Amino acid sequence: MTRIAVYPGSFDPITYGHLDLIERGVVLADSLIVAIATNPEKRTLFTVEERVELIRRALEGRPAAGRVRVDAFGGLLVDYARANGATLILRGLRAVSDFEYEFQMALMNRHLEPGIETVFMTTSAKHSFLSSRLVKEVASLGGSVDGMVPPPVIEALAGKFPRSRKPAARGPR
Ligand code: PNS
């Protein structure tokens with residue numbers, strides 16, 4: 001039996017924390033689908049097409065790439081997982097603060113589809129401070145996101161926030 005796992009998320013944009021999880025999570029299954037949720041009510045910096053492309057480019061040349069597929073989905077995650085033959089949902093945990101939301105989602109998903117298990121992996125310590133939201137904030141204010149996101153994402157962020165480096169605020173005289 002082929003075991004398929006789904007790693008869902010917004011990936012707006014993908015970070016090295018996500019990539020680390022993909023590479024470590026792929027060993028749990030024969031193949032892993034990185035599934036970008038398309039929620040029309042959620043405003044994102046990158047379109048779904050851009051996010052798919054950035055993940056594909058970030059995976060290029062990595063050992064896990066051959067067993068990872070990138071896709072986008074709308075509607076319920078469990079419906080998507082079932083339709084794709086997946087029996088595992090992979091999610092990352094960075095800190096205790098992630099736990100409540102993740103726990104609630106895992107229980108809801110199990111309620112909706114008892115045949116699919118959610119598996120949590122802890123993010124590597126060196127990536128535990130990373131989030132797509134903070135990466136976007138830093139990039140939008142002209143800060144460096146080197147080492148936080150792969151090169152194609154650095155380039156794409158520079159395209160979204162051209163000339164965003166702000167002069168340092170003056171202190172009181
Ligand atoms: O990266 P995120 O934004 O934390 O990912 C959240 C995501 C996409 C995994 C979650 O919002 C989701 O599963 N959305 C799909 C809709 C759905 O199934 N909702 C019920 C889940 S409890």
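Biologist: Which helix gives the largest share of the lining of the second largest pocket?

Modeller: Before we start, keep in mind that this is a predicted model. The general idea is that rolling a probe the size of a water molecule over the atoms shows where empty space is left. In this case, helix H6 (residues 151-160) supplies the largest share of that lining, with three residues. Eleven residues line the second largest pocket, and those nearest its centre are Ala 139, Gly 143, Val 145, Ile 154 and Ala 158.

Biologist: How much space lies in the second largest pocket, and how do its lining residues divide by class?

Modeller: The second largest pocket holds about 150 Å³ of space. Its lining has six nonpolar residues, four polar ones and one charged.

Biologist: Now the largest pocket: how much space lies there, and which residues lie nearest its centre?

Modeller: The largest pocket has about 1200 Å³ of space. Its lining counts 43 residues, with Gly 9, Ser 10, Lys 42, Arg 91 and Tyr 101 nearest the centre. Two or more lining residues come from each of these elements: S1, helix H1 (16-25), helix H2 (48-59), strand S4 (88-93), H4 and helix H5 (132-140). H4 gives the largest share, six residues. By class, the lining of the largest pocket divides into 15 nonpolar, 18 polar and ten charged residues.

Biologist: Where does the ligand sit?

Modeller: The ligand takes up the space of the largest pocket. Strand S1 (4-9) and helix H4 (96-112) are the elements that each give two or more residues to the shell around the ligand. Of these, H4 provides the largest share of the shell, four residues.

Biologist: How many residues surround the ligand, and which are the closest?

Modeller: There are 14 residues around the ligand, and the closest are Ser 10, Ala 37, Lys 42, Leu 77 and Arg 91. Sorted by class, the shell has eight nonpolar, four polar and two charged residues.

Biologist: How should I read the polar side chains there? Which oxygen distances do Ser 10, Lys 42 and Arg 91 show?

Modeller: The idea is to look for pairs of N or O atoms within 3.5 Å. For Ser 10, a polar side-chain atom is 2.6 Å from a ligand oxygen. For Lys 42 the corresponding distance to an oxygen atom of the ligand is 3.1 Å, and for Arg 91 it is 3.0 Å. As for cover, the ligand on its own has 540 Å² of accessible area, and the protein covers 74% of it.

Biologist: Let us finish with the backbone. Where is Phe 11 found, and what is its phi?

Modeller: Phe 11 is in the loop between S1 and H1. Its phi is near 45°, a positive value in a residue other than glycine.

Biologist: And which residues does the cis peptide bond join?

Modeller: That cis bond links Asp 12 and Pro 13, with omega about 5°. Pro 13, too, is found in the loop between S1 and H1.

How values were computed
Residues are numbered from 1 along each chain as its sequence is written. This is a predicted model: local features need pLDDT of at least 70, side-chain atom pairs count only at pLDDT 80 or more; totals for chains, interfaces and linings use all residues. Side-chain values use heavy atoms; hydrogens and water are left out. A residue is near a molecule or strand if one of its heavy atoms lies within 4 Å of it. A polar contact is a pair of N or O atoms within 3.5 Å; within protein, one must be able to donate a hydrogen and the other to accept it, and residues adjacent in sequence count only if both atoms are side-chain atoms. Accessible areas come from the Shrake-Rupley method with a 1.4 Å probe; for residues, only the protein chains shown count as cover. On a 1 Å grid over the protein atoms alone, a cavity is a set of points where a 1.4 Å probe fits but cannot get out, and a pocket is an open set with protein on both sides within 12 Å along at least five of seven lines; lining residues have an atom within 4 Å of a point. A molecule sits in a cavity or pocket if more than half of its atoms lie within 2 Å of its grid points. Ala, Val, Leu, Ile, Met, Phe, Trp, Tyr, Cys and Pro count as nonpolar, Asp, Glu, Lys and Arg as charged, and the others, Gly among them, as polar. Grid points are joined across faces, edges and corners, and a volume is the space filled by probe spheres set on the points.
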